[in-house]
Amino acid sequence: MKRPWLFGLCLAAAPIPAAAQEAPLLANVFTDHAVLQRDRPILLWGHAPPGETVAASFGSDSATAKADAKGRWELRLPARGAGGPYALTVRAGAKTQQLSDLMLGDVYLCGGQSNMEFPARLSTGAWGGLAHAPQPMLRFAHVEKASAPAPLEELGQPLRWRVIDGDSAGEASAVCFYMARALQQRLKIPVGFIDSDWGGTTIQSWISPESLGTLPNYAESLRSLAALATDAAAARTLEAARTERWWSANDPRWATTKAWSTAAFDDSGWPSLKLGGSWRDAGIPALESFDGVVWLRKVVTLTEAQAAAADRLQLGPIDSSDTVWINGRWTGANNIDWFWRDYAVPAGALHAGRNVIAIRILGGKGPTGAEANHLLKLHDGSAVPLDGLWSYQLAAPLKDKKPPIPPWEVPTSLSTLYNAMIAPIARYGFKAAAWYQGESNVAEASEYRALLALLFKDWRGHMGQPQLPMLVAQLASYGTPASMPGESDWALLRQAQSVAVAQDGHAGLAVTLDLGDRFDIHPTQKLLVGERLARAARAVVYGEAIAPGGPQAVGVTRQGNDLVVQFRHPDARLRTYSADSAIGFEACSAAQCRFVPGSVDGGRVVLRGAGTPDVTHVRYAWSDAPYVNLYSSDDLPAVPFDLPVSGLGPANGNP
């Protein structure tokens, strides 16, 4: 996938400070209209004057705690069944905080990237389908986007719990809303959901530093991230050294061009161009087809006040990789072509008078946004435009390379979204978590299975819920349909998701490949995605005696000249739509795969005549955007797979 867009992309990575007000006693995850988890002790926490006794009352229950030397306190109220509304009162000395209209029920955490973030108002059927009276038994809250180098105790902004009604429903995560609505209608108890998501982000952003640090290939980057929490200059020094090691090893002209980043370098002999869209359209023959390393430099003159007030350097999107210096000070780097560059200016990097911004770009188009995107932003909201001519120089042709980038740069950051958007709510108490993500990791399917299992373990550990159910929405179809069997990163990612879920005793999978859009990575049919997650919850969370999802193949055996694919949950008989045969099956040898039709026989599919001696494994729905027609009798699509033929050992890409 070349461009993993990114619904609702937020460029600001730091929390927005709340208006000055008296600090509440309760942590800001607790607000009016919230749903608290039923049938488990209610954990409350917050801040009070050090040594102060804190008393909480909730209905007829009460408890006390004493704030520690840093003012932190926590207490537990007895478990209660579903019900409400309740009031919660917390007192410490002369200070009192009261919350109203609280409900007890089941609370779901929904995480992921843009397809989880996708709002209900844009989903299929939303026109007229979301206009209804308030539903006090169904509520939601949204975690505002934030990124942090270390785990935070508090959210950047308080949770705002909202009762579902005709005005609020459209702003909720569509997938999470439809899942919660289906469960609430079945359970007849309050259901709340908190969505914490960010479009375009990778799974590594959502795993805690200590868990991600158990994987050796992240250790060095996480050291830089840890340094950023206490010493931004030291963190930049570490990252500059790491990235320049890569450049010295991969750029044949690095020894010469490294001096081009300094303010003292004389670029008076360089040609110039005006940035505004791809440099391929600048009318410069040397840049029309060049793909490699190009340097840009610009002199900007600042007043003393401007130099002191400048805090962000905005450059818009750049194709593909860039490294930026301000007056020779390493400032930042990124390698996502659609992502807007918005770098923090290093303290003291700018001064009154002449300043030099240097950019090293590896790619074929350079800055692709409008000229107006290029700004030196000041903390009062004004900006110094970086318009006009830039000096440029071609360096080395260098294709198909991806330099490393700092671990704090969203959307491919390490742990920063866990730190700011999961850690502060981890102890809230949840019935289950739903996860819809993977589009931004399709090139890393071989690692994704381990990362997804690590995320399961990580969240459960920090939430103090070792058996917290995890519900995964598998990637939908997207891209060009295949007319011949071939390799597919999307199929490999789906396989990684299904294997991670199958190997976990408390997880469920919702297959969505039949709900995709070949032209849009954000398919709008979120109703069925949510309802399939609710179906998985009924089995995994509530223990209903139903299959959690669609038919799942468990083995392939050779019977004479045929291959027989056996599916789990044979009580849910298989069926096909629009044809007597099942499509999407491939019989594969070491050399190649070929399409073969399947015949449904109860809980199995027979691939007649496909069992030739050279066949070693069978694949199903193995493409970016497969067409499928194999379903269970209750209308759930079969899970894509790649399985070895029994007795021949594991097929390529299988566990």
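User: Why is Arg121 called partly exposed?

Analyst: In this predicted model, Arg121 has a relative accessibility of 46%. Partly exposed covers the range between the 20% limit for buried and the 50% limit for exposed, so Arg121 at 46% belongs to that class.

User: How do you know that Glu171 forms a salt bridge with Arg121?

Analyst: The closest N and O atoms of Glu171 and Arg121 are 3.3 Å apart. A salt bridge requires a side-chain nitrogen of Lys or Arg within 4 Å of a carboxyl oxygen of Asp or Glu, so the pair qualifies. Glu171, at 43% relative accessibility, is partly exposed.

User: What makes Asp101 and Arg139 a salt bridge?

Analyst: Their closest N and O atoms lie 3.1 Å apart. The cut-off is 4 Å, and the pair therefore meets it. Asp101 belongs to strand S7 (residues 95–112) and Arg139 to strand S8 (residues 135–142), so distant parts of the chain, 38 residues apart, are linked.

User: What makes Lys377 and Asp342 a salt bridge, and where do they lie?

Analyst: The N to O distance between their side chains is 2.7 Å, within the limit of 4 Å. Because Lys377 is in strand S17 and Asp342 in strand S15 (residues 340–344), the pair ties together parts 35 residues apart in sequence. Lys377, with a relative accessible area of 22%, is partly exposed, whereas Asp342, at 13%, is buried. Elsewhere, salt bridges with shared partners join Arg38, Asp39 and Asp106 into one network.

User: Why is Asn373 called buried?

Analyst: The relative accessible area of Asn373 is 13%. Buried means under 20%, so the term applies to Asn373. Asn373 sits in the loop between strand S16 (353–367) and strand S17 (375–378). Leaving aside residues up to four places away in sequence, Asn373 touches Gln314, Leu315, Gly316, Pro317 and Trp340.

User: How do you know that S16 gives the most to the lining of the largest pocket?

Analyst: S16 supplies four residues to that lining, and this is the highest contribution. Strand S13 (310–326) and S16 each supply at least two. The largest pocket holds about 1,300 Å³ of space. Its lining comprises 46 residues, of which Asn335, Ile336, Lys402, Thr412 and Glu444 are the closest to its centre. By class, the lining has 16 nonpolar, 14 polar and 16 charged residues.

User: What lines the largest cavity, and which elements give two or more residues to the lining?

Analyst: The lining consists of Leu36, Gln37, Arg40, Pro41, Ile42, Leu43, Arg427, Tyr428 and Gly429. Strand S1 (35–37) and strand S2 (42–47) each give two or more of these residues. The lining divides into five nonpolar, two polar and two charged residues. The space in this cavity is about 70 Å³, and the structure holds five cavities of 30 Å³ or more.

Technical notes. Residues are numbered from 1 along each chain as its sequence is written. This is a predicted model: local features need pLDDT of at least 70, side-chain atom pairs count only at pLDDT 80 or more; totals for chains, interfaces and linings use all residues. Side-chain values use heavy atoms; hydrogens and water are left out. Buried means under 20% relative accessible area, exposed over 50%, partly exposed in between (1.4 Å probe, protein chains only). Contact means heavy atoms within 4.5 Å. On a 1 Å grid over the protein atoms alone, a cavity is a set of points where a 1.4 Å probe fits but cannot get out, and a pocket is an open set with protein on both sides within 12 Å along at least five of seven lines; lining residues have an atom within 4 Å of a point. Grid points are joined across faces, edges and corners, and a volume is the space filled by probe spheres set on the points. Ala, Val, Leu, Ile, Met, Phe, Trp, Tyr, Cys and Pro count as nonpolar, Asp, Glu, Lys and Arg as charged, and the others, Gly among them, as polar.
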